[in-house]
Amino acid sequence: MPDLVFPSNFIWGVATSAYQIEGAAQEDGRGESIWDRFCQQPGAIEDGSSGAVACDHYHRWREDIELMRELGVQAYRFSIAWPRILPQGFGRVNRAGIDFYQRLVDRLLEVGITPFVTLYHWDLPQTLQERGGWTARLAAEAFLEYAEVVSRHLGDRVKHWITINEPWCASLLSYQIGRHAPGYRNWYAALSASHHLLVAHGLAVPVIRSNSRGAEVGITLNLKPCYPASPSAADRDACRHFDGSFNRWFLDPLFGRRYPADIVADYQTAGYLPAGDLPFVQDQDYATIAVRTDFLGVNYYDRAVLRNTRIPEVQNEPRTVWLAPESEWTAMGWEVYPQGLFDLLARLHFEYQPPKLYITENGASYRDELDGRGEINDQQRIVFLRDHFAAAHRALTLGVPLVGYFVWSLLDNFEWDRGYTQRFGIVYVDYATQQRLPKRSAHWYREVIRTNAVPLDAVASPLSS
Ligand code: FCB
């Protein structure tokens, strides 16, 4: 089979986020974040751990850039820790925080790696949580100030900005399902949080643009293609509801269509929202949220298959659970479904027409172990990436304006409520020594980048040695 060749200007990258890799939680004036606090709650994190040390990237960033250089990655997506920049959420700027990211960016540019900066990857300053967190409009206003400060200091060098990472996780998963910080279980809080996250995005975009000439600015959503488990009307309705609450709830307002009326009605029927206008939406908000962006960032991991049955233990939406048929699963318990990436990209292109798309995250967690030769032969991850790259390539042939792909993640790291139980890296981290060891998938990815092509038949051969 011939290799799948990508367009010559296609960007291959890797991604991380601040709380998951930096550690140094109390150093150089960094303020407390909601994740520092959440990790202290008994039972919140599967292995009782926290990001206090993580990959110690705050001290090892030079080495980590060197790893990326050896891999040949063209772009690095990382996030900025808000509490390192504004320890109180707004007001006083912590110079040491700015310095850290300036050094990081300068070194990336020196070695020819393009920085893609995410402003918010979930580590809200704790002081803002005490004032309501994302349930309060104040958080969006503080975000505007934070975005202004960061883009003023980095905007001459950073030309790719992502405002918010995965507002679904930062709102529904965090304020309703309670699995992420701050761990609340309240529908109204979650929906108002989702709104304020979108407002924060909309407020920040023009400010970033004015501080960073010629920059590309966008937002990253975690999206799931949805399929009904059967053609029954009930299952199709469950699918509609899931798609509406997970995907359209964010896509529609971002693309100027306001919140989906069917989902607002579902929430009102369930009593999660009052009848009538949404109380947290102010006059200008829809215009603010629908600000023009340069790209949409997509994090894709798996699909949802919906059956309309009530199983209380796994229910996280009214009337809907997701059940997947016989399938392959990663260690995270996520289904391997590359076709979903194609379906999702095609749908975004046809229904929403974003000017450009990046896959800002895609990857997999597997039980990586050192083999007899002290190597990590993560064939499953290679096959996972190969098949997802191939799905992305098929989307390109359909005309989808996909311009880059970031593998999650450069390093094994702190996987939120799953602690250190999940290894998503293409580079293994021995947490006892902080040693980094590129896995086979890293070597494989280096070849993909070098040749700008995905080998379809050669997957087994370089690995069988
Ligand atoms: C995404 C997050 C990222 C990482 C991956 C596995 O939802 O954005 O930080 O945890 O999942």
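**Exercise 1. Find out whether Leu411 is buried or exposed, and what surrounds it.**

Step 1. Begin with accessibility: Leu411 has 0% relative accessibility, so it counts as buried. Buried means under 20% relative accessible area, exposed means over 50%, and partly exposed lies in between (1.4 Å probe, protein chains only).

Step 2. Helices (H or I, at least four residues) and strands (E, at least two) are DSSP runs, numbered from the N terminus.

Step 3. Look for its partners. Setting aside neighbours within four places in sequence, Leu411 is in contact with Ile21, Cys55, Asp64, Leu67, Gly425, Val427, Val429 and Arg436. Contact means heavy atoms within 4.5 Å.

Step 4. Compare sequence with space: Leu411 and Val14 are 397 residues apart in sequence, and their C-alpha atoms are 9.1 Å apart.

A word on the source: this is a predicted model, in which local features need pLDDT of at least 70 and side-chain atom pairs count only at pLDDT 80 or more, while totals for chains, interfaces and linings use all residues. Residues are numbered from 1 along each chain as its sequence is written, and side-chain values use heavy atoms, with hydrogens and water left out.

**Exercise 2. Describe how helices H10 and H11 pack.**

Step 1. Recall the idea: two packed helices are described by the angle between their axes and the distance between the axes.

Step 2. Read both values. The axes of H10 (residues 233-254) and H11 (residues 261-270) come within 9 Å and cross at roughly 110 degrees. Axes are lines fitted to C-alpha atoms, for helices over the stretch in contact, and angles run from 0 to 180 degrees between N-to-C directions.

Step 3. Classify the angle: H10 and H11 are therefore roughly perpendicular to each other. Angles under 35 degrees count as roughly parallel, over 145 as roughly antiparallel, 65 to 115 as roughly perpendicular and the rest as oblique.

Step 4. Name the residues. On H10 the contact is made by Arg240, His241, Gly244, Ser245, Arg248 and Trp249, and on H11 by Asp262, Ile263, Val264, Asp266 and Tyr267.

**Exercise 3. Explore the largest nonpolar core around Phe389.**

Step 1. Start with the term: a nonpolar core is a set of buried Ala, Val, Leu, Ile, Met, Phe, Trp, Tyr and Cys residues joined through side-chain atoms within 4.5 Å.

Step 2. Of the 148 residues in the largest core, Trp35, Tyr120, Trp134, Phe143, Phe389 and Tyr445 touch the most other members. Helix H9 (residues 187-211) gives this core its largest share, twelve residues.

Step 3. Zoom in on one of them: leaving aside neighbours within four places in sequence, Phe389 is in contact with Phe6, Trp12, Tyr405, Val407, Trp444, Tyr445, Val448 and Val454.

**Exercise 4. Track down some backbone features.**

Step 1. Turn to positive phi. Asp28 is not a glycine, yet its phi is about 50 degrees. At 42% relative accessibility, Asp28 counts as partly exposed.

Step 2. Do likewise for Arg258: this residue has a positive phi of about 65 degrees although it is not a glycine. Arg258 lies in the loop between H10 and H11, and at 49% relative accessibility it counts as partly exposed.
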